[in-house]
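Please keep the picture in view while I speak.

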Amino acid sequence: LAMATAGHCYLIVRLAPRQGFRIVGGLIAFVILSAPVVCQALSAGVTSASAASSAEYRQLIWARVLEIIQEQPLFGHGVGALRTYRETIPDGFFKGELLIPNHPHNMALQLWAELGLAGAAVLSTAIVLAAFRLPIPAQLGGAAPRIAMLAGSTLAIGVVSFDLWNPGWWGCVSLLSVLCAVNARGQSAAKA
């Protein structure tokens, strides 16, 4: 999934050399803002009795998190609130497992549950603004596809794994971002 999404973001930047980052930023913002609707559709029909795979376990988690989001949709329940839910799955293959094992394995849903629409809107706006502040991909040379692919893979992994507040994950993404920036500066210095 990460490689496919990275490849799509790469293609966007290659096919839209002037607006590529803006399109990618808009798509990421759209994924964040539409997460409750999309996950509602993806988790429909899965029950604890029928769930037997990792994907179906995530669908169970998402269904419960969506119920939590509906309780406080505007401002959420607060950072770390999902860690307080200790409900277990009553039956089926995953009987006895936590229904929400510390986080929902979907950063966008976690953002919605903990910070609500307000948090999702602020983050989405920040991403779009950052995308509009980036130089056009044509000016970045070989760094542009790396940046696009990092954004795509980060998005894909974020919607199926990891805790939104995982410092190791964000440290890795930050280090890769810095390497992309250094690569871009190195290429522009070589041209001058």
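This is a predicted model: local features need pLDDT of at least 70, side-chain atom pairs count only at pLDDT 80 or more; totals for chains, interfaces and linings use all residues.

Phe94 is buried, because its relative accessible area is 11%, where buried means under 20% relative accessible area, exposed means over 50%, and partly exposed lies in between, with a 1.4 Å probe and protein chains only. Phe93, by contrast, is exposed, with a relative accessible area of 62%.

Residues are numbered from 1 along each chain as its sequence is written, and side-chain values use heavy atoms, leaving out hydrogens and water.

Now to the rings, where I call two rings of Phe, Tyr or Trp (for Trp, the six-membered ring) a pair if their centres lie within 6.5 Å, with planes under 30 degrees apart counting as stacked, over 60 as edge-to-face and the rest as tilted. By this rule there are four aromatic pairs. In one of them, the ring centres of Phe93 and Phe94 are 5.0 Å apart and the planes stand at 85°, so this pair is edge-to-face. Phe162 and Trp169, with centres 4.6 Å apart and planes at 20°, are therefore a stacked pair. Of these two residues, Phe162 is partly exposed at 29% relative accessibility, whereas Trp169 is buried at 10%. Ring pairs also join Tyr57, Phe93 and Phe94 into a cluster.

Let me turn to the helices, which are DSSP runs (H or I, at least four residues) numbered from the N terminus. Which angle do the axes of helix α3 and helix α4 make where they cross? The axes of α3, residues 54-71, and α4, residues 107-133, cross at roughly 30° and come within 9 Å, where an axis is a line fitted to C-alpha atoms over the stretch in contact, and angles run from 0 to 180 degrees between N-to-C directions. That makes α3 roughly parallel to α4, since angles under 35 degrees count as roughly parallel, over 145 as roughly antiparallel, 65 to 115 as roughly perpendicular and the rest as oblique.

As for the residues involved, Trp62, Val65, Leu66 and Ile69 in α3 meet Leu109, Trp112 and Ala113 in α4, contact meaning heavy atoms within 4.5 Å.

Finally, helix α2, residues 20-43, packs against α3 at an angle of about 135°, with the axes 9 Å apart, and that makes α2 oblique to α3.

Definitions and conventions: Helices (H or I, at least four residues) and strands (E, at least two) are DSSP runs, numbered from the N terminus.
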